[in-house]
Amino acid sequence: MVSSIYSMGFVGIDSFLITVEADISRGLPSFDIVGLPDASVKESRDRVRSALKNSGFDFPVSRIVVNLAPGDVKKYGPIYDLPILLSILAASGQIDEISKDSVFIGELSLSGELKHANGILPMVIKSKELGIRNVFVPYSNAKEAAVVENLNIFPVKTIADIKNHFSGKLQIQRQPITKIEFPEKNYSLDFSEIKGQYDAKRAIEIAVSGGHNILLIGPPGSGKSMLAKRIPSIMPEMTFEEILETTEIYSILGKLSAENPLILDRPFRAPHHTISPAGLTGGGTIPKPGEVSLAHNGILFLDELPEFSRISLEVLRQPLEEGVVNISRVKSSLSFPCSFILVVAMNPCPCGYYGHPTRQCTCSQRLVNKYLSKISGPLLDRIDLHIEVPAVEFEKISSNAEEEKSLSVKERVLKCRTAQKKRYNSDRIYNSKADLTKFKDSFKISDSGRKILKKSFESMGMSARGYEKILRIARTIADIGDSREIQNDHILESIQYRTLDRKYWR
Ligand SMILES: Nc1ncnc2c1ncn2[C@@H]1O[C@H](COP(=O)(O)OP(=O)(O)OP(=O)(O)O)[C@@H](O)[C@H]1O
Ligand SMILES: [Mg+2]
């Protein structure tokens with residue numbers, strides 16, 4: 001007899017429906033799984049056999065063939081254990097045929113318990129899109145799955161639960177919807193702890209307000225890492241859509257907690273400089289998202305930028321530009337979202353004191369050039385704002401003056417974001433990404449503004465991208481100042497943030 005049951009699978013972040021068919025026929029006892037299973041799917045056989053026996057069912061002594069369709073997509077991982085087991089039970093008449101409005105996902109232990117699975121959220125979202133009504137998931141994934149509304153989520157602890165459910169003995173209770181509750185925000189790191197550095201603070205505020213990338217350069221101990229780590233405290237909350245997108249990525253990597261399965265805070269990722277290119281952008285035999293995607297909707301902070309390998313830095317170019325990272329495979333290509341603000345920090349030379357007003361730099365000019373040349377022109381061009389973080393003066397560091405708190409900076413950021421939301425009629429488009437042709441009226445500059453820009457463009461040997469970045473930053477500065485028009489002051493300030501590369505990367 002042949003039976004079929006629905007399950008879900010995923011490659012990258014894309015989920016799809018899988019039909020699990022079981023055929024039990026007379027012949028020499030055997031158990032085969034076909035339909036492009038990888039080694040971990042093939043191991044299902046042993047788990048399913050033990051789980052069946054240990055849950056009080058009979059393992060049919062017959063020829064068993066299980067087919068996972070579609071047959072042209074490679075199946076990875078142990079999540080097909082549950083549907084394989086159920087299809088065998090149905091084909092051997094031990095349970096009734098299961099209706100097609102349900103999907104089953106889960107890895108089994110030998111005793112028949114369901115284990116926590118990765119990628120549940122994207123699979124449940126896709127199930128809903130496909131019109132599935134019931135999704136049976138491992139108990140520990142139930143809260144994660146129940147984020148999706150208008151769908152019945154059934155948490156399954158053991159095979160016995162399913163047996164009782166379908167025999168009508170004891171129904172599995174539906175998982176209540178997981179409500180999003182934002183905990184009281186209590187950032188331990190606050191901008192008020194940083195003395196002085198007003199220019200850097202201003203540049204960071206502009207970067208966060210308009211979604212611009214930023215580079216901090218300066219001598220050791222000037223507070224670059226300190227500044228970067230405090231950026232989360234001025235970021236606006238994520239929207240529900242953003243929360244879901246970011247959580248999906250953490251779901252695929254199995255980085256969600258069973259109790260609090262939503263990523264509610266914007267990510268702040270600070271990978272170490274020894275990270276591999278694949279670790280940064282994603283990859284692997286079974287393609288997994290990398291740090292750029294873990295930073296989706298948040299911040300990617302690369303501290304000590306020149307210490308990263310050159311290849312790691314170069315592979316960042318495409319994701320930075322497009323907000324998605326494409327991973328090519330022999331037969332297919334897949335993509336992960338990665339829209340983030342890039343924050344990078346660095347010293348100007350190996351000893352750290354190149355260009356320092358009072359301390360002598362001990363590096364030769366050649367060494368300085370070699371160090372700086374690790375950051376290529378195209379990468380530098382993609383970083384919108386460049387700001388110098390000089391050593392803090394004694395008067396500032398020893399002063400008892402109160403510094404502005406993160407909360408009050410955040411209020412201005414929110415105001416600026418609201419202005420952009422109104423202009424672009426979207427809370428996902430910021431000045432850094434807006435279509436300049438479509439919104440050309442908002443990016444208009446006066447004749448005198450044009451003259452200022454022309455002079456800088458020609459004297460600085462600016463690229464077309466550099467010109468565009470200046471316009472975008474000027475727009476954000478105008479928005480912070482609540483100004484409808486981009487004024488000359490805004491352009492002048494904006495140009496300042498593009499002049500550092502001339503000082504260091506001559
Ligand atoms: N502006 C500041 N206000 C208060 N403390 C500061 C300031 N700048 C630096 N510090 C102190 O100096 C320490 C080092 O700062 P931080 O690590 O941010 O420097 P850095 O610029 O990242 O240096 P490096 O280039 O060596 O990485 C901080 O932990 C903090 O105690
Ligand atoms: Mg540092």
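Author: First, a term: the domain bounds here come from an automatic or database domain assignment. Also, this is a predicted model.

Reader: Fine. Which domains does the assignment give the protein chain?

Author: Domain 1 covers 2-167, and domain 2 covers 191-427. Their centres, taken over C-alpha atoms, are 41 Å apart.

Reader: How many residues does each put into the contact?

Author: Domain 1 puts in 15 residues and domain 2 puts in 16.

Reader: Which helices supply the domain 1 side?

Author: Helix 4 (120-129) and helix 5 (142-145), with at least two residues each. Helix 4 gives the most, three residues. By class, that side of domain 1 has seven nonpolar, five polar and three charged residues.

Reader: Switching to helix 2. Which of its residues are buried?

Author: Ser44, Val48, Ala51 and Leu52, in a helix that runs 44-54. They span an arc of only 100 degrees around the axis, so they sit on the same side of helix 2.

Reader: And what do they pack against?

Author: Strand 3 (30-34), strand 6 (107-108), helix 1 (39-42), helix 3 (81-91) and helix 6 (159-167).

Reader: What happens just after helix 2?

Author: Gly56 takes a positive phi, about 85 degrees.

Reader: Now the ligand. Which residues are closest to ligand 1?

Author: Pro220, Gly223, Lys224, Ser225 and Met226, out of 16 that surround ligand 1. Helix 8 (residues 224-229) gives the most to that shell, three residues.

Reader: How does the shell split by class?

Author: Six nonpolar, eight polar, two charged.

Methods. Residues numbered from 1 in each chain as written. Chains lettered and ligands numbered in written order. Predicted model: local features only at pLDDT ≥ 70, side-chain atom pairs only at ≥ 80, totals over all residues. Buried ≥ 20, exposed ≤ 12 C-beta atoms within 10 Å, placed from the backbone. Helix = DSSP H or I, 4+ residues; strand = E, 2+ residues; numbered from the N terminus. Arc of directions from axis to C-beta. Contact = placed C-beta atoms within 7 Å. Near = placed C-beta within 6 Å. Nonpolar A, V, L, I, M, F, W, Y, C, P; charged D, E, K, R; others polar.
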